[in-house]
Structure formats: C-alpha cells, structure tokens
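Colleague: I would like to know how the terms you use follow from the values. Can we go through them one at a time?

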Amino acid sequence: NPELAFLRAAFNLGRKSGTVRLSPYFPMLKEDNVRKGFLRDDQYAKLAQACTVEGLYLRARFEVAHTWAWRKESLLTMKVRQIDFPGNSIRLEVTKNGDPVIAKMPAVMRELLTSCCAGKGPDDFVFTYADGTPVKDFRKAWKRATKAAGLPSLIFHDLCRTGMRNMRRLRIDQDVAMKIAGRKTASIFRRYNIVD
C-alpha cells in the first residue's frame, strides 16, 4: 500500500503538471498488519524487573512508554532539559504528529528519571548507558528482558497500546489521552485502545 500510494501520488502530480494525461487506478490492498499485543497487569512486575537487570535506561524508558504510550522514537532524543523536576512534568518535543506534549510524572517515573538525569547537563540525553553514551538501539536488551519475563513476542511498541488502555481505565478523557500520547485522530486512538 505505501508503494501504491507513492505511485498514485506521482501520477496525480504528473497529471496536475500536464506531463501525464491519465492516471491509472491504483487499488488499496487489504492489510491485516494491526498488532494487538499489550502488557497485562500481572506481567508488569516481571518485565519491570527484567528491564532493571538490563540497566536503568531500559527500566526508565519502559516506565515512560508504559505510562504515557510514548513511542521509542520520541524517547531516543529526550534531553534532560525536557524534564521539569520542580514542576514534576516532562515536555516531549519529538512526536509523530509534530505537536509537543507535556505530561505529569507519577512517583515511580519521577524516581527513575531522577536517577537517569543525575550528574547530567541540560543538553545531555536522558537515556544513556552507565558510561554516559546515549542509547540509540536497545533491541537486543529489550529482547533479553522480554524473554526473561516470559514475554518473548512482546515488542516495545506494544507499550503504546498498553499505555492507551491504562489511560482509558483511569477514565482519562479521550482528548486528553490522545494529547498525552501524541495521537491526533480518534481513529488512531481507537486502533491503540485495546479492550482487555
């Protein structure tokens, strides 16, 4: 479908510019690639412990994604200056929809992020290895953690669905949950809002 959409757009641009007279029909193929995985409440403690074994960076990243349904791409570039410890909030600057997000930190998240930011400057990355090197790729550590927790098929993005479900269970208004999670449309929200 992405390739067909690209061709469709190219032909439409060609038609608009007069280079192409007719644009062929490009059908949308039926896709069934929507994942439905999420972390159950009874699995949280095991996975949190397994992430702790891998390192503080993974445990803290897991907590943020699990709580606020934030994507791993948004967390990769998070800097210390985005965390307002006196105001107890995080400002997410990089989101898929381009809108910044501000969210309050629950106690566990605050404690983990405080440890992650200890001794760092405002322009340092939040999620780093013990030597201060920014964590860019954590797939192997995530795979080890999920395997150790008995959840080998769980991918990091499943935490987005988990976070959405958790916000709805807490009766957070849909519009507020969408803003916190950085989702713009209700259809995307429904796609992530897995009913347990």
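Modeller: A helix here is a DSSP run of H or I with at least four residues, and helices are numbered from the N terminus. In this sense Ala 48 lies in helix 2, residues 41-54. Bear in mind that the model is predicted.

Colleague: How many helices and strands does the chain have?

Modeller: The count is nine helices and three strands. Starting at the N terminus, the order of elements is α-α-α-α-β-β-β-α-α-α-α-α. Of the 196 residues in the chain, 41% are buried.

Colleague: Why is Ala 48 called buried?

Modeller: The relative accessible area of Ala 48 is 7%. Buried means under 20%, so Ala 48 qualifies.

Colleague: What does Ala 48 touch, leaving out residues up to four places away in sequence?

Modeller: Ala 48 touches Arg 59 and Phe 62. The C-alpha atoms of Ala 48 and Arg 59 are 6.2 Å apart, although eleven residues separate the two along the chain.

Colleague: Which side chain has a polar contact with that of Glu 63, and what makes it one?

Modeller: The partner is Tyr 44, at 2.5 Å. The limit for the N or O pair is 3.5 Å, so the distance of 2.5 Å meets it. Glu 63 lies in helix 3 and is buried, with a relative accessible area of 7%.

Colleague: Which residues of helix 5 are buried?

Modeller: In helix 5, residues 107-117, they are Met 109, Leu 112, Leu 113, Cys 116 and Cys 117.

Colleague: How do you know on which side of helix 5 they lie?

Modeller: Their arc around the axis is only 130°, so they are on the same side of helix 5. In general, an α-helix has 3.6 residues a turn, so residues three or four places apart point the same way. Ala 107 and Glu 111, on the other side of helix 5, are exposed. The cover over the buried residues of helix 5 includes helix 3 (56-68), strand 1 (83-84) and strand 2 (89-92). Just after helix 5 comes Gly 119, with a positive phi of about 75°.

Colleague: How many aromatic pairs are there?

Modeller: The rule on ring centres gives six aromatic pairs. One of them joins Phe 62 and Trp 142, with ring centres 6.5 Å apart and planes at 40°. Stacked needs under 30 degrees and edge-to-face over 60, so at 40° this pair is tilted. Phe 62 is in helix 3 and Trp 142 in helix 6 (residues 139-148), so the pair ties together parts 80 residues apart in sequence. Phe 62 and Trp 142 are both buried.

Colleague: What makes the pair of Phe 138 and Phe 156 stacked, tilted or edge-to-face?

Modeller: The planes of Phe 138 and Phe 156 are at 75°, and the ring centres are 5.0 Å apart. The angle is over 60 degrees, so the pair is edge-to-face. Phe 138 is in the loop between helix 5 and helix 6, and Phe 156 in the loop between helix 6 and helix 7 (158-169), so the pair ties together parts 18 residues apart in sequence. Both Phe 138 and Phe 156 are buried. Through ring pairs, Tyr 44, Phe 62, Phe 138, Trp 142 and Phe 156 form a cluster.

Colleague: Which charged ends sit over the ring of Phe 125?

Modeller: The charged end of Lys 79 sits over the ring of Phe 125, 4.8 Å from its centre. The charged end of Lys 136 also sits over the ring of Phe 125, 4.4 Å from its centre. The distance limit is 6 Å, so both values fall within it.

Colleague: What makes you say that helix 7 is mostly covered?

Modeller: Ten of the twelve residues of helix 7 are buried. Among them are Asp 158, Arg 161, Arg 165 and Asn 166. Helix 7 reaches 17 Å from its first C-alpha to its last, close to the 16 Å expected at 1.5 Å a residue. Arg 171, which follows helix 7, has a positive phi near 60°.

Colleague: How do you know whether the span of helix 1 agrees with its 16 residues?

Modeller: At 1.5 Å a residue, helix 1 (residues 2-17) should span 22 Å, and its end C-alpha atoms are 23 Å apart, which agrees.

Technical notes:
Residues are numbered from 1 along each chain as its sequence is written. This is a predicted model: local features need pLDDT of at least 70, side-chain atom pairs count only at pLDDT 80 or more; totals for chains, interfaces and linings use all residues. Side-chain values use heavy atoms; hydrogens and water are left out. Buried means under 20% relative accessible area, exposed over 50%, partly exposed in between (1.4 Å probe, protein chains only). Helices (H or I, at least four residues) and strands (E, at least two) are DSSP runs, numbered from the N terminus. The arc is that of the directions from the helix axis to the C-beta atoms. Contact means heavy atoms within 4.5 Å. A charge sits over a ring if NZ of Lys or CZ of Arg is within 6 Å of the ring centre and within 35 degrees of the ring normal. A polar contact is a pair of N or O atoms within 3.5 Å; within protein, one must be able to donate a hydrogen and the other to accept it, and residues adjacent in sequence count only if both atoms are side-chain atoms. The expected span of a helix is 1.5 Å times one less than its number of residues.
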